[in-house]
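Reader: Please take me through this structure. I shall ask brief questions as we go.

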Amino acid sequence: MATSFGLGADYRHASNIVFMENDKDPWHVGTNSIAAVGGINGSVTRTLAIGGAHHQDLRFESEFDSPDVTKARAFERARI
């Protein structure tokens, strides 16, 4: 994670950053649920959507979306 996304970096002065991973993404690095990374008020986070493909969380909703992709979209909307 630290190599790919710089999660070892100092995020104390950052806010509202979401590192989203989808497990079917060929560049998937690997996390296990929403976990605080840091930042102002813990607002720098990472999350993994099981059943999601590359950028699927950014595409239009579909009846074929996995529950995790649906949750990821809701999480991102709440952050925005």
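Author: Exposed means over 50% relative accessible area, buried means under 20%, and partly exposed lies in between, with a 1.4 Å probe and protein chains only. The model is predicted, so to speak of local features a pLDDT of at least 70 is needed, side-chain atom pairs count only at pLDDT 80 or more, and totals for chains, interfaces and linings use all residues. Residues are numbered from 1 along each chain as its sequence is written, and side-chain values use heavy atoms, with hydrogens and water left out.

Reader: Which residues of H2 are buried?

Author: They are Val69, Ala72, Arg73, Phe75 and Glu76. Seen down the axis of H2, these buried residues fall within an arc of 160 degrees, so they line one face of the helix. The arc is taken from the directions that run from the helix axis to the C-beta atoms.

Reader: How many residues does H2 have, and what does it reach from its first C-alpha to its last?

Author: Helix H2 covers residues 67-79, which makes 13 residues, and it reaches 19 Å from first C-alpha to last, close to the 18 Å expected. The expected span is 1.5 Å times one less than the number of residues. Helices are DSSP runs of H or I with at least four residues, strands are runs of E with at least two, and both are numbered from the N terminus.

Reader: What covers the buried residues of H2?

Author: The cover includes strands S1 and S3, judged by contact, meaning heavy atoms within 4.5 Å.

Reader: In which sense do S1 and S3 pair?

Author: S1 (residues 17-22) and S3 pair in the parallel sense, over six bridges. Two strands pair if DSSP finds at least two bridges between them. Within this pairing, Phe19 stands opposite Arg46 in S3. Strand S3 spans residues 44-49 and is mostly covered, with five of its six residues buried.

Reader: Changing topic, what pattern does the protein follow along the sequence?

Author: The pattern is α-β-β-β-α, from two helices and three strands. Of the 80 residues, 32% count as buried. Among contacts with a separation of 6 or more, 56% come from residues 24 or more positions apart.

Reader: To what does the accessible surface come?

Author: The accessible surface of the protein comes to about 5,200 Å², and 55% of it belongs to carbon and sulfur atoms. Areas come from the Shrake-Rupley method with a 1.4 Å probe; for residues, only the protein chains shown count as cover.

Reader: How many salt bridges does the structure hold?

Author: There are three. The term requires a side-chain nitrogen of Lys or Arg within 4 Å of a carboxyl oxygen of Asp or Glu. Glu61 forms one with Arg77, where the closest N and O atoms are 2.9 Å apart. That pair links distant parts of the chain, since Glu61 is in the loop between S3 and H2 while Arg77 is in helix H2, 16 residues apart.

Reader: Are Glu61 and Arg77 buried or exposed?

Author: Both Glu61 and Arg77 are exposed. By contrast, Asp65 and Arg73 are buried, and they form a salt bridge whose closest N and O atoms are 2.6 Å apart.

Reader: Which side chains meet at 3.7 Å, N to O?

Author: Those of Asp68 and Lys71. Both residues lie in helix H2, three residues apart, about one turn of the helix. Asp68 is partly exposed, with a relative accessible area of 24%, and Lys71 is exposed at 54%.

Reader: With which residues is Glu76 in contact, leaving aside its neighbours within four places in sequence?

Author: Glu76 is in contact with Met20, Asp57 and Leu58. Glu76 is buried at 14% relative accessibility, whereas Leu58 is exposed at 60%.

Reader: Where is Leu58 placed?

Author: Leu58 is in the loop between S3 and H2, and its C-alpha is 9.4 Å from that of Ala72, 14 residues apart in sequence.

Reader: What is phi of His55 near?

Author: Phi of His55 is near 60 degrees, a positive value in a residue other than glycine. His55 is also in the loop between S3 and H2. Asn16, not a glycine either, has a positive phi of about 55 degrees, and it lies in the loop between helix H1 (2-5) and S1.
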